[in-house]
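Please open the model in your viewer and keep the selection panel at hand. The stops below follow one another from a single chain to the places where parts meet.

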Amino acid sequence: MSDKNSVKDFVLSVEGLTVSFDGFKAVNDLSFYVEEGEIRVIIGPNGAGKTTVLDLICGKTKSTEGSIKFRGKELTKMTEHAIVHSGVGRKFQNPSIYEDLTVFENLELSFPRGRSVAGALFFRRDKEVLEAVEEVAETIFLHDQLHTTAGLLSHGQKQWLEIGMLLIQKPDLLMLDEPVAGMSVAERKRTAELLNRITKGRSVIVIEHDMQFVEDIAHRVTVMHQGKTLSEGSMERVKNDPKVIEVYLGH
Amino acid sequence: MSLNTRSLKTSMHSIKTVFPKGDLFYLAVLALFLGVLLPMTLDIFRLNMVGKYLTYAFVAVGLVLCWGYGGILSLGQGVFFGLGGYCMAMFLKLESSDPESTKIQSTPGIPDFMDWNQITELPWFWEPFYSLPFTIIAIIAVPTIFAYIIAVAMFKRRVGGVYFAIITQAIASILTILIIGQQGYTGGVNGITDLRTLLGWDIRTDSAKYVLYYVNFVCLMACLLIAQFVRKSKLGRLLVAMRGREDRVRFSGYDVSSFKIFVFCLGAAFSAIGGAMFTLQVGFMSPSFVGIVPSIEMVIFCAVGGRLSIFGAVYGALLVNWAKTTFSESFPELWLFAMGALFIGVVMAFPSGLAGIYKSHVEPFILRSWQKLKQAKPQPPEPPTSVPEKAPPPKTTPQNAAQPHPIVLTGSISPVGK
Amino acid sequence: MFSDYTSAELLSIFAMQGFAGLILFSVFVLMALGLAIIFGQMGVINMAHGEFMILGAYVTYLISNLFATYLPSLFGIYFFIAMIISFVAAGALGALVEWSFIRFLYQRPLDTLLATWGLSLILQQVYRSVFGAREVGVTLPDWLMGSIPLTETIELPINGMFVMGLTLTIAVAVYLLMYKSRWGCQVRAVVQNRPMAAAVGINTARIDRITFALGCGIAGVAGSAFTMIGSTGPTAGQLYIVDTFLVVVFGGAASLLGTIASAFTISQAQSTMEFFLSGSMAKVLTLLTVVIILMIRPQGLFAMKVRK
Amino acid sequence: MTMQLKVNQRRLAFVHKLSRRWLAKAGLAVCAGWILGASAEVNTTGLAVTDKEVTVGILHSVTGTMAISETGSVQAEKLAIKQINAAGGVLGRQIKFIQEDGASDWPTFAEKSKKLLVNDKVAAVFGCWTSASRKAVLPIFEQYNGMLYYPTFYEGLEQSPNVIYTGQEATQQILAGIDWVVKEKGAKTFYLLGSDYIWPRTSNKIARKHIEKLGLKVVGEEYYPLGHTQFNSVINKIKLTKPDVIYAIVVGGSNVAFYKQLKAAGISLPKEKPLLLTISVTEDEILGIGGENMEGAYAAMKYFQSLDNPNNKAFVEAFKAEYGNNIVIGDVTQAAYLGPWLWKAAVEKAGSFDIDKVRAASPDIELTTAPEGYVKIHPNHHLWSKTRIGHALKDGQYKVVHETAELMEPDPFPKGYQ
């Protein structure tokens, strides 16, 4: 780990992060740093604690120890929605969209305005909203499906929709949990394209198993094992790390 | 692209957003039914009974928002109904306990039950209820604040679903024991009875019953309008969204608990208005409307009407109560069987209640007849509002959730593949 | 309030009060065990739990009449037979109910609440039609109604000890069944991952039915035992429902040990408060404390923290 | 009527239509009354009286939690009506009854009483059991000027011109009982226990005052919520305080639990250490408690099934002939039986069915044929009656061990006991 710069150069600094469930430490004294504009991919065997790390950053799980700083703000003490407001967006492993609502409504609900009770009550669909929805829908290849009920979309389209729901929030840090899981080869390609396009100007953390996809997008890779960092660096370097080969890539 | 923009632009129009054509029609039918048809055909005795049933409709409408939309099942709505009713009853009781008519008591000027319990001075929390404006505020504020406290405690800690239901049930049971036990202050198990006048106006006469029926009717319509506004606002869509994907809503930057708190408080406020109207029309309030059994019955009114339909809830409250009265008059033995079967039947066969039946059976039939009629005569002879004259009262489901209840239904009913 | 009494008197009273708390504890456990299985393990909110208990009580009443008429010489032991038949009867009704509608509602817990509430109304009316609206008096064998004097003031009620023994037996049996038997392992497998359990060849429908029946059967035994301390009438079941649910929820729904611990906590709190306060206030305070603790710790006292 | 018309002027057309129908109906009724000339003399207020028949109402709970208690009253009232009819009816008219179900729900009681008075125009109503139901119907009886015969022993604190209270009010039951245990059993200390609602609380208050007046001591007073089933703690307190008398006013399902647990805890009632005196357990309740658990307790009431007098023998025989040999008759059942007879006597004394005339005739009406012996209506609408002490036997009956020498005067607002 050569890049020990001062904290403020990083978008996200995770230090000494630990969480334990009844004594079992799912994440154990983990530290890593994400730079401005970086695409970081976290890989590791099942149960390594990857998803838990995202849960901790976005506030879904409360840490036992350690700190998560995002642009100098301590996230571990904040509520989930406050973390979102500060600019962190998160996509879940299984596409998590509102299946009873249309694509349009899905995006509209994610639009970052009228987030309070009164705001939601008196929210108006004005030009700003319409334009933002149109723009994002185009980006995620769904502009023809705006009035389709989201539950009727294909699996890949649902994944895109959820990414779109994050995009419309204009987050500074985007966290994606297995964005191409269950996609066809063609869809994967388009998704990689999509990610490359949308990551301009923001930092991204991705959890992924698909090594080809990882190679396509990753700036840096963190390998996790049993709640700890096993290895970190460029894809090339990680691939050749004997520890990584032993626990993960080897089989 | 241009097509999308056009259709979106039209949906920007705000009155249409709150009242799509269908809902406006349902509202009009309901208003005609309650405001014109029933008063014309029923004598004042029956109309007063309908008025009493309609006070439960307030609770049912609140439950549609809480339970149908918000997914929060409260088994303690009777608490709020009761609190609203007690606030009203306290005002009326003070008015009927003037020193003149209570001069045989050892302490004239206080309610009779206090006198029987050796209370010689009006308790401090009764004092403000001499004022009607205070009472009207209290009717809504007291239950809403109480609901707020419960809701903040529970939703901030993410207590939901079954746990919430059971805790509200326990609260209902605590409050009942308290009201019964503190009889010097509350009238105990007998409740607060013998309420006569409101600012000198005798509420027991037939003419007063008419007026009260219409006051009740107007309040109900107002609540329906509020409910409709909430339902059609972004908040309504958020509630639907939350029910299925609470985490997604949370990670879209919403404080989920605040929306639940809001809708629960709104439901409580509706129930409280219902309770106050109940006191006015029936002339007393007692702890038997606070407990678990009435609270669960209120849920069934909502379920029968259709848990996603605010208009259905009103019909549900009317139908179940009407059936209860009729059945218990003619076949008292069978009543509990019928009620039990209704619970099971609605849950098993008609999870969307009357509204669902209307959507799936009645409406298509009307539309088909309408089509036939159109084909027979080239010019449409009459406006659509007069069509369902002979058909049972129309019920509705909200537009954006035209399928039956999304989370509670199994995949086989919901068209949404999982 | 204690200044008027000698220390010996006080000691014996505290002993008695502790014993009263233990009886209450046993009663709570007995009420809650069946529900802990049905609600905790299967997620079904069985509002008719009280009515299943009362079924057991009515069966006991019938059996006692049968013995009094046909086998008066064996009257002393009828209670054991009555408990077994209560178990079978309530269990059979449970299986029937599960088959006829509960099985369609596993994904909709709040709907099970409404449906079983409907069931409870129907059962109440059945009891009323069959046994009459009045409470029935269940005659108990004399040996069950006495007490064993230990000292002048300390007397151990036999029925209380009987309930405690019964509770212990049933709790141990349920524990062995759920955690030590192959069947219990299957039940827990189904609870935790239904599709997976089905995939490895467990007949989940059958497991569901038997589990539900077992829960109802235990309720039946509880009802049978409660003829010793409570009333048997068409609506008596409703008296138990709130307490029972609170015990289960307070313990952390999915944990049987939690249910027992919670029954212990609530019963001790209630009997202590009953001793120092008046009955109604003790009840209110107990319920209030439970509700407040549940608000602070919604997952219940003893639920495991799990990684989701 | 004028009120009705005044309002109508301000009202929409449909109300006019309605009231015209109403007028027509009323007119028809008047015509009918005029044609049946003979009935007009004994019925000037349009009650449901013809030359052959007079209609009365029976209003009790047939369903719900109170059905347990109210069954006996319904049976007794029906028996009395049958006997009166067999003996030639009232003023030569057969009594026809309309029975309504209050369903253990107070608004239902109010609703049904209004139906009986307004729609059915009954000449008298026999009914209600709990105080809460009576309080709910009371304003309606006063508003529409009906006559209610209320059978239950109750807390007093009420005296309505529209109610005849055929059961005892609290002081009648309590004073005699306490005097007896003090005099005959030498009781010095008392433990007061009750279910937590108005009747036990009021009764215990009177008992406490009386005990303290006698210079004796109350060592404990406890109330448990209705339906409570765990009494071990209070039993321990009783053991600790060692009272001479447990004065128990526990009701409903709690009763069964209390007596069973008392016995199991080693407090043997036949040993009378302490002695147990109750005013809430009639023969009806013993059915549920079990005679073996109640054996040895004392009860203070005005009637026991085992009363040894010719009236009662005939009554019990007739009751058993009607409803089967195993039936038991409690205090309230007998009081309910008095209702129709007292009404018959008052109507015949007044020579009219008019409520006002019946009311005026009621004071000092005597009944020498009452199963309890001789009763007389006091001007305060309660009954003069004797109070008896019964000793519970294993077979579920009471043996009468004492009877007050004089009739006890009813005193619903006892000075010095409040």
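In chain B, what share of the contacts with a separation of 6 or more is accounted for by residues 24 or more positions apart? The share is 79%, where two residues are in contact if their C-beta atoms, placed from the backbone, lie within 7 Å. This is a predicted model, in which local features need pLDDT of at least 70 and side-chain atom pairs count only at pLDDT 80 or more, while totals for chains, interfaces and linings use all residues. Residues are numbered from 1 along each chain as its sequence is written, and chains are lettered from A and ligands numbered from 1 in the order in which they are written.

Stay with chain B and colour by secondary structure: there are 17 helices and two strands, taken as DSSP runs numbered from the N terminus (helices H or I, at least four residues; strands E, at least two). Of the 418 residues in chain B, 54% are buried, that is, with 20 or more other C-beta atoms within 10 Å of their own C-beta atom, placed from the backbone.

Next, select residues 206-232 (helix α10) and 256-282 (helix α13) of chain B, which pack at an angle of about 175° with their axes 10 Å apart; axes are lines fitted to C-alpha atoms over the stretch in contact, and angles run from 0 to 180 degrees between N-to-C directions. That angle makes α10(B) roughly antiparallel to α13(B), a label for angles over 145 degrees. On α10(B) the residues making the contact include B:Cys219 and B:Cys223, and on α13(B) they include B:Phe270 and B:Met277.

Now select B:Ala60, B:Val61, B:Val64 and B:Ala313, the residues with the most contacts inside the largest nonpolar core, which has 422 residues; such a core is a set of buried Ala, Val, Leu, Ile, Met, Phe, Trp, Tyr and Cys residues joined through C-beta atoms within 7 Å. Helix α1 (residues 7-42) of chain C gives the most to this core, with 20 residues. Around B:Val64, leaving aside neighbours within four places in sequence, the contacts include B:Tyr69, B:Cys302 and B:Ala313.

Finally, move to chain D, where the domain assignment, automatic or from a database, gives domain 1 (56-168 + 309-385) and domain 2 (170-301 + 386-403). Their centres, taken over C-alpha atoms, are separated by 28 Å, and the contact takes 15 residues from each of the two domains. Towards chain C, 34 residues of chain D are in contact with 37 residues of chain C.

How values were computed
Angles under 35 degrees count as roughly parallel, over 145 as roughly antiparallel, 65 to 115 as roughly perpendicular and the rest as oblique. A residue is buried if 20 or more other C-beta atoms lie within 10 Å of its own, exposed if 12 or fewer, and partly exposed in between; C-beta atoms are placed from the backbone.
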